[in-house]
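Visitor: I would like to go through this structure with the criteria in hand. Please set each value against its definition.

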Number of protein chains: 2
Amino acid sequence: MRKLALRIRYCGTAYHGWQRQEKDITVQEVLERALAITCEEPIRVVGCGRTDAGVHAERYCVSFDSNTKIPLDRLPIALNTRLPDDIVVEAAVEAPDDFNAILSCIKKEYTYQIRNSRIRDPFTAPFSYFYPKPLDHERMARGAAAFVGTHDFSAVRSVGTQTKTTVRTVHHFEVERVGEMIRLRVCANGFLYNMARAMVGTLLYVSEGKIAPEEIPALLEKGNRRLTGPTVPPQGLALTRLWYDGVVGQMMDN
Amino acid sequence: MRKLALRIRYCGTAYHGWQRQEKDITVQEVLERALAITCEEPIRVVGCGRTDAGVHAERYCVSFDSNTKIPLDRLPIALNTRLPDDIVVEAAVEAPDDFNAILSCIKKEYTYQIRNSRIRDPFTAPFSYFYPKPLDHERMARGAAAFVGTHDFSAVRSVGTQTKTTVRTVHHFEVERVGEMIRLRVCANGFLYNMARAMVGTLLYVSEGKIAPEEIPALLEKGNRRLTGPTVPPQGLALTRLWYDGVVGQMMDN
């Protein structure tokens with residue numbers, strides 16, 4: 001039995017998120033089906049985290065145990081012939097026995113894209129949130145910087161999943177404008193449920209003057225979800241980077 | 001009654017091409033429905049050309065007659081509220097009485113995208129043809145140059161639509177590689193049915209050494225479709241530029 005890790009990439013538009021469900025089609029289910037055929041045994045994978053319906057992953061990591069004898073450099077190609085166009089396996093590596101895609105993850109980066117233009121764009125619509133009112137990305141960047149550090153993030157999470165603590169560390173949170181697209185990149189040691197999207201919604205309030213960047217520490221202190229901004233729609237969100245130690249870390253950064 | 005022209009943009013993935021059909025959903029039908037509600041009268045539009053199922057348009061032009069009193073700068077916004085995310089009206093202009101989106105069109109440019117990488121990419125899959133074998137884009141560019149000029153293009157068309165003549169003038173045909181994407185841009189005064197996709201397929205044969213760039217003039221001379229390359233899949237193709245005189249030309253180039 002070997003412990004294997006895969007680097008995958010998926011467009012989430014057609015899926016009800018990462019995690020297996022009773023009724024609806026998810027990325028995990030489609031991947032596990034391709035793995036079962038390819039490895040000729042039932043496979044259950046551990047993903048690096050849940051992503052919601054419509055959320056994308058430019059980088060995603062899964063781990064699993066398998067007896068397969070397929071060489072690691074052949075495995076992605078073999079899997080891709082059995083996967084639809086919107087899910088791709090990019091690399092495979094043999095990981096230490098105690099590796100676990102979620103528990104071994106050191107930190108993650110999400111990127112949220114806002115299409116800030118007067119007119120919609122049909123080609124980027126599945127990957128961005130269309131927001132026609134002009135946004136002040138420099139003011140948003142000041143607000144984003146206020147989230148950096150170790151805080152209780154209860155004020156920007158949705159209740160619904162269990163967690164031991166609501167304290168997380170945000171390592172960086174940057175806002176840049178490239179033409180009509182505003183990109184928000186946020187890296188943390190972990191994200192509470194809807195935390196990335198609630199922080200982005202709060203930065204929309206910051207742009208509109210409903211919240212001042214300097215107020216954010218006090219809002220985090222209060223921990224009241226009703227005082228921060230809305231949870232922005234899922235299609236603008238993508239998991240864009242993952243940090244691990246060792247061989248998996250090397251694979252994820254290639 | 002005014003003659004109006006619109007600049008539109010659409011992602012063709014969900015449609016059975018531009019032109020209205022009995023059974024299947026098309027871009028024309030969806031646009032005409034939005035126009036009928038917005039202008040409060042039945043509208044029939046003339047499109048600048050047919051695009052096949054799955055083909056995209058970064059630039060597309062339609063013309064129609066209407067009694068609507070809606071100011072032209074309001075018309076795109078009013079229409080977009082009634083259109084799905086994958087079809088967008090970008091501009092509207094009042095055109096001369098004799099303007100006709102297809103008959104007044106001077107020339108058109110199509111761009112074909114080939115994703116030439118070992119591994120698929122889920123995000124560009126709906127907009128490109130995945131071709132894992134390494135391609136020689138410089139050799140393809142030499143082949144593309146051989147199509148430029150006024151020729152009978154019967155050797156690179158599918159039979160199926162009536163046309164007075166199969167002679168067309170290709171003004172430019174360029175091939176460039178940007179990272180793992182090969183982009184082929186071809187401009188002509190008109191395109192026969194499947195002509196752009198059959199020329200691209202022929203350039204794949206050129207890259208593979210099945211056809212030499214120097215043989216292309218003789219292949220056009222012979223006019224035998226079975227001697228040229230395959231018709232490549234539709235999702236890589238997009239209409240990217242249109243040339244008109246006067247106010248419509250100005251609108252299309254903005």
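Visitor: Why is Glu32(B) called buried?

Guide: Buried means under 20% relative accessible area, exposed over 50%, and partly exposed in between (1.4 Å probe, protein chains only). Glu32(B) has a relative accessible area of 2%, so Glu32(B) is buried. This is a predicted model: local features need pLDDT of at least 70, side-chain atom pairs count only at pLDDT 80 or more, and totals for chains, interfaces and linings use all residues. Side-chain values use heavy atoms, without hydrogens and water.

Visitor: What makes Glu32(B) and Arg44(B) a salt bridge?

Guide: The term asks for a side-chain nitrogen of Lys or Arg within 4 Å of a carboxyl oxygen of Asp or Glu. Here the N to O value is 3.2 Å, and the pair qualifies. Arg44(B) counts as exposed, at 55% relative accessibility.

Visitor: Which parts does the pair of Glu32(B) and Arg44(B) tie together?

Guide: Glu32(B) lies in helix H1 (residues 27-39) of chain B, and Arg44(B) in the loop between H1 and strand E2 (46-47), so the parts tied together are twelve residues apart in sequence. Helices (H or I, at least four residues) and strands (E, at least two) are DSSP runs, numbered from the N terminus.

Visitor: How do you know that Arg115(B) and Glu180(B) meet in a salt bridge?

Guide: Their side chains give 2.8 Å, N to O. Arg115(B) is in strand E5 of chain B and Glu180(B) in the loop between strand E8 (167-178) and strand E9 (181-188), so this pair ties together parts 65 residues apart in sequence. Arg115(B) counts as buried at 15% relative accessibility. Glu180(B) has 40%, so Glu180(B) is partly exposed.

Visitor: What makes Arg120(B) and Asp85(A) a salt bridge?

Guide: The N to O value between their side chains is 3.9 Å, which passes the rule. This pair crosses between chains: Arg120(B) sits in the loop between strand E5 (107-115) and strand E6 (129-130) of chain B, and Asp85(A) in the loop between H2 and E4 of chain A. Arg120(B) is buried at 11% relative accessible area. Asp85(A) is partly exposed at 48%.

Visitor: What pairs with Arg120(A)?

Guide: The side chain of Arg120(A) meets Asp85(B) in a salt bridge at 3.8 Å, N to O. Between chain A and chain B the count is four salt bridges. Over all chains it is 30. One network of salt bridges links Arg7(A), Arg9(A), Glu90(A) and Asp121(B).

Visitor: How many residues of each chain are in contact?

Guide: Contact means heavy atoms within 4.5 Å. By that rule, 24 residues of chain A touch 24 residues of chain B.

Visitor: What is the area buried between chain A and chain B?

Guide: Buried area is the accessible area (1.4 Å probe) that two parts lose on being put together, summed over both. The value is about 1900 Å², with 62% from carbon and sulfur atoms. Arg120(A), Pro122(A) and Phe123(A) supply 39% of the area that chain A buries against chain B, more than any other three residues.

Visitor: Why are the two copies said to be related as by a two-fold rotation axis?

Guide: Copies are superposed by least squares on the C-alpha atoms of residues with pLDDT of at least 70 in both. A rotation of 180 degrees, with 0.0 Å of shift along its axis, superposes chain A on chain B at RMSD 0.0 Å. The two copies are therefore related as by a two-fold rotation axis. The same surface serves both copies, as 100% of the contact residues of chain A recur in chain B.

Terms used: Residues are numbered from 1 along each chain as its sequence is written. Chains are lettered from A and ligands numbered from 1 in the order in which they are written.
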